[in-house]
Amino acid sequence: MITPARRPQRRVLLSTVSSDSHTWNLVFLQLLLQESGNEVINLGSCVPDDVILDAIRVERPDAVVISSVNGHGFLDGRRVIKKLRKTPEGAGLPVMIGGKLGILGDGNDQYSDELVAAGFDAVFSDSASPQALTDYLHELPGAQPHELVGVPGT
Ligand code: B12
């Protein structure tokens, strides 16, 4: 017998930016987020801005995590967050970014203020503890149940 049950997990959309072909950062973050109780939709590498915006509209995530390590994350991230904040679904959505966002070495301090001014809720430095991200997500208001799922045998 299949009994419908609500799924309480937070749904996180994970993406990189359009220029970035690195993937292991995304694999790492997907596992980290899943192991801390999040459902993850991983869009993979080189994601065009419109694909991120479409995914937010269709999947209705509770939060968006953007990772970039190729050094263009600052420029690409700033562009995509401005577009995202103009959409009805993205206006109030928690969105964070991290990785190696520029080419000036460790730390994203030099980019943080501008990325926050452009619309990000949080900017994580490359050397930030993974727990800083999971703690930040746990602090966000509770996730809304997204759909009914069947739980076999209950
Ligand atoms: C493997 C690799 C590649 C492979 C990628 C293969 C693949 N399928 O992923 C290939 C060969 C394709 C590649 C290409 C390029 N690469 Co490359 N690459 C690397 C390398 C050696 C390892 C990256 C990796 O997989 N790390 C393992 C993952 C798990 O760790 P990570 O990526 O560091 O991510 C961690 C953190 O950044 C952090 N993090 C990341 N995102 C986020 C997000 C949040 C929210 C948080 C909290 C944390 C966080 O957590 C992760 C886990 O600790 C690094 C150098 C290095 N040793 O790091 C260079 C490196 C990332 N590459 C670099 C560059 C420049 C390039 C190229 C531009 C080179 C070129 N001229 O063509 C291209 C980029 C192409 C593109 N369009 O993006 C530079 C980036 C420089 C910068 N940002 O200052 C690096 C740092 C090398 C260097 N020292 O110059 N690369």
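1. His22 is found in the loop between strand S2 (10–15) and helix H1; helices (H or I, at least four residues) and strands (E, at least two) are DSSP runs, numbered from the N terminus. This is a predicted model, in which local features need pLDDT of at least 70 and side-chain atom pairs count only at pLDDT 80 or more, while totals for chains, interfaces and linings use all residues. Residues are numbered from 1 along each chain as its sequence is written, and side-chain values use heavy atoms, with hydrogens and water left out.

2. The cobalt atom of the ligand has a single donor from the protein, His22 (NE2), at 2.2 Å. Donors are N, O and S atoms within 2.8 Å of the metal (3.2 Å for Na, K and Ca); water is not among the atoms, so sites may look incomplete.

3. The ligand is surrounded by 24 residues, the closest being Ser19, His22, Ser67, Lys100 and Asp126; a residue is counted if one of its heavy atoms lies within 4 Å. A polar side-chain atom of Asn70 lies 3.1 Å from an oxygen atom of the ligand, and a backbone N or O atom of Gly102 lies 3.1 Å from an oxygen atom of the ligand. Two or more residues of the shell come from each of helix H1 (24–35), strand S4 (63–68) and strand S5 (95–99), and H1 gives the largest share, 4 residues.

4. The chain has 5 helices and 7 strands, in the order β-β-α-β-α-β-α-β-α-β-α-β from the N terminus. Of its 154 residues, 44% count as buried, that is, under 20% relative accessible area (1.4 Å probe, protein chains only).

Methods: A polar contact is a pair of N or O atoms within 3.5 Å; within protein, one must be able to donate a hydrogen and the other to accept it, and residues adjacent in sequence count only if both atoms are side-chain atoms. Buried means under 20% relative accessible area, exposed over 50%, partly exposed in between (1.4 Å probe, protein chains only).
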